[in-house]
Amino acid sequence: PDVKQICKTVRAEMQVKYLVTDQQGWKRFVLQLQKLWHPDKNAEYAKKATEVFKCVQKEKKKLEARYY
């Protein structure tokens, strides 16, 4: 799948997870996503991983700004 589709899926998953988990669960979930998509962990797909990682960071900030 292309980066846009992956980001769309990740954002939707993050939005649902943010609403249904407590703060500690949310932090663990975001850390898991960051580890999963970190460019250093995905050398073969560094460009794609970088874009998805940025998407995760942006959505995290957006959700936390909205509800805190």
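Guide: What follows is a set of questions on terms and the values behind them.

Visitor: What kind of model is this, and how are its residues numbered?

Guide: It is a predicted model, in which local features need pLDDT of at least 70 and side-chain atom pairs count only at pLDDT 80 or more, whereas totals for chains, interfaces and linings use all residues. Residues are numbered from 1 along each chain as its sequence is written, and side-chain values use heavy atoms, with hydrogens and water left out.

Visitor: What makes a stretch of residues a helix here?

Guide: Helices are DSSP runs of H or I with at least four residues, numbered from the N terminus. Leu 19 has its place in helix 1, residues 3-20, and Cys 7 lies in helix 1 as well. Helix 3 covers residues 46-67.

Visitor: Why is the pair Glu 51 and Lys 54 called a salt bridge?

Guide: A salt bridge requires a side-chain nitrogen of Lys or Arg within 4 Å of a carboxyl oxygen of Asp or Glu. The closest N and O atoms of Glu 51 and Lys 54 are 3.7 Å apart, and the pair therefore meets the rule. Both residues lie in helix 3, three residues apart, about one turn of the helix.

Visitor: How many salt bridges are there by this rule?

Guide: The count comes to three. Glu 59 and Lys 62 meet at 3.8 Å, N to O, and Glu 64 and Lys 60 meet at 3.5 Å. Glu 59 and Lys 62 are three residues apart in helix 3, about one helical turn; Glu 64 and Lys 60, also in helix 3, are four residues apart, about one turn.

Visitor: Why is Glu 59 called buried, while Lys 62 is called partly exposed?

Guide: Buried means under 20% relative accessible area, exposed over 50%, and partly exposed in between, with a 1.4 Å probe and protein chains only. Glu 59 has 2% and therefore counts as buried; Lys 62, at 40%, falls in between and is partly exposed. By this rule Lys 60 at 24% is partly exposed, as are Glu 51 at 38% and Lys 54 at 48%.

Visitor: Which residues does Glu 59 contact, leaving aside its neighbours within four places in sequence?

Guide: Contact means heavy atoms within 4.5 Å. With those neighbours left aside, Glu 59 is in contact with Arg 11, Met 14 and Gln 15.

Visitor: How do you know that Cys 7 and Cys 55 form no disulfide?

Guide: A disulfide is a pair of cysteine sulfur atoms within 2.5 Å, and by this rule the count comes to zero.

Visitor: What makes a group of residues a nonpolar core?

Guide: A nonpolar core is a set of buried Ala, Val, Leu, Ile, Met, Phe, Trp, Tyr and Cys residues joined through side-chain atoms within 4.5 Å. The largest has 15 residues, of which Val 10, Met 14, Trp 26, Leu 33, Trp 37 and Val 52 touch the most other members. Helix 1, helix 2 (23-37) and helix 3 each supply at least two residues of this core. Leu 33 is in contact with Val 10, Met 14 and Val 56, leaving aside its neighbours within four places in sequence.

Visitor: Is Ala 43 buried or exposed, and where does it lie?

Guide: Ala 43 lies in the loop between helix 2 and helix 3. Its relative accessibility is 65%, over the 50% limit, and Ala 43 therefore counts as exposed. The C-alpha atoms of Ala 43 and Lys 8, 35 residues apart along the chain, are separated by 22 Å.

Visitor: Why is Leu 19 called exposed?

Guide: Its relative accessible area is 59%, and because exposed means over 50%, the term applies to Leu 19.
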